[in-house]
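Please look at the sequence and the model first.

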Protein chains: 2
Amino acid sequence: MTDKISDSLKHYEDLEPGLVIQLGITRVTKQMIIEFATEFDPFPFHLDEQAAKKSLLGGLAASGWQTAGLSLRLLVDAFLSKVDSRGGLGFSDLKWKRPVMVNDSITGTVTLTDLRQSESHPEWAIMTLEFDIRNQRDEPVMTMSLANLVGVANPKNKSAA
Amino acid sequence: MTDKISDSLKHYEDLEPGLVIQLGITRVTKQMIIEFATEFDPFPFHLDEQAAKKSLLGGLAASGWQTAGLSLRLLVDAFLSKVDSRGGLGFSDLKWKRPVMVNDSITGTVTLTDLRQSESHPEWAIMTLEFDIRNQRDEPVMTMSLANLVGVANPKNKSAA
């Protein structure tokens, strides 16, 4: 299953639980907030500063789903693009802890908390990745747990390629 | 707390568990898939048809996060824009059941499975909304459970406005 591209990527065998991935940082501008909300989450508190001031959020704030998408992108850049990722299975326990306001930045860490080879598909393993997303004041913004497939370089039940 | 805008919206008192919301339908084009993946989920299987054919997905497929965002938008249009929504708290048990391929459509239902007034903030209630997202062949694509705040028109612990 390995090819020239994936030979340079990390596989199941190169990873172990406990790995902490430091994410880069993304600044969230007013334009980004409005563009995303217009497409996916068109509420006044994501689109209009005056309406946002009167809302629970207290000012123009990013859709929580945008925070999730931007966090995914940070994880791709810092980690998933360097492993033989085969895509996500789902995630659980996503919690929005604090709004992301105009010109806030998001960063944080992702910890590989579990890694197990699939019994039915020994060429895959399932990584559990716990996100701890923070703003520029190191305040918690979002947590979630992602299940993502990674390739196994030498599946036990198969002859070596 | 009610104002002219929210007077026309449904509140906690107008809702009850068991409500089934029929979503509209969104067709997912190649351009949509590539634009979203370029920004949030830049993997070859979301960007390049040849690479996608060799992947687990079997062809160019939308990022699962795009499916989530598009599903949110369907819920806003069908329901959340008609209630006094105060924003999401988080979600759980998101599972991608099947890829969304180029020119697939997504639709489905969302069921209000739980509704309870907040004890600490009696002006809010928490709705649990269970998504059952399907493609044009009625095959399951994604499930998830969203917790979202809705305004209470007449909080018990407060005098009427």
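In this predicted model, 26 residues of chain B are in contact with 27 residues of chain A, where contact requires that the C-beta atoms of two residues, placed from the backbone, lie within 7 Å. Two elements of chain B, helix H4 (64-78) and strand S3 (85-96), each supply at least two residues of the side that touches chain A. S3(B) gives the largest share of that side, 12 residues. Helices (H or I, at least four residues) and strands (E, at least two) are DSSP runs, numbered from the N terminus. Sorted by class, the side of chain B that touches chain A has 14 nonpolar, 7 polar and 5 charged residues. Nonpolar here covers Ala, Val, Leu, Ile, Met, Phe, Trp, Tyr, Cys and Pro, charged covers Asp, Glu, Lys and Arg, and the others, Gly among them, are polar.

Residues are numbered from 1 along each chain as its sequence is written, while chains are lettered from A and ligands numbered from 1 in the order in which they are written. Because the model is predicted, local features need pLDDT of at least 70 and side-chain atom pairs count only at pLDDT 80 or more, whereas totals for chains, interfaces and linings use all residues.

Two strands pair if DSSP finds at least two bridges between them.

| Strands | Sense | Bridges | One bridge pair |
|---|---|---|---|
| S3 of chain A (85-96) and S3(B) | antiparallel | 4 | Gly90(A) and Lys95(B) |
| S5 of chain B (124-135) and S6(B) | antiparallel | 11 | Met127(B) and Asn148(B) |

S5(B) and S6(B) form a hairpin with 4 residues between them. In its turn, Asp138(B) has a positive phi of about 65°.

Which residues of helix H1 (residues 30-40) of chain B are buried? They are Ile33(B), Phe36(B), Ala37(B) and Phe40(B). These four lie on the same side of H1(B), because they cover an arc of only 95° around the axis, taken from the directions from the helix axis to the C-beta atoms. On the other side of H1(B), Gln31(B) and Thr38(B) are exposed. A residue is buried if 20 or more other C-beta atoms, placed from the backbone, lie within 10 Å of its own, exposed if 12 or fewer, and partly exposed in between. The buried residues of H1(B) pack against helix H4 (64-78) of chain A, together with helix H2 (44-47) and H4 of chain B.

In chain A, Gly58(A) lies in the loop between helix H3 (49-54) and H4. Gly58(A) counts as exposed because it has 12 C-beta neighbours inside 10 Å.

The mean pLDDT of chain A is 92, and 93% of its residues reach 70 or more; pLDDT is the predictor's confidence in each residue, from 0 to 100. For the complex, the predictor gives an ipTM of 0.86 and a pTM of 0.89.
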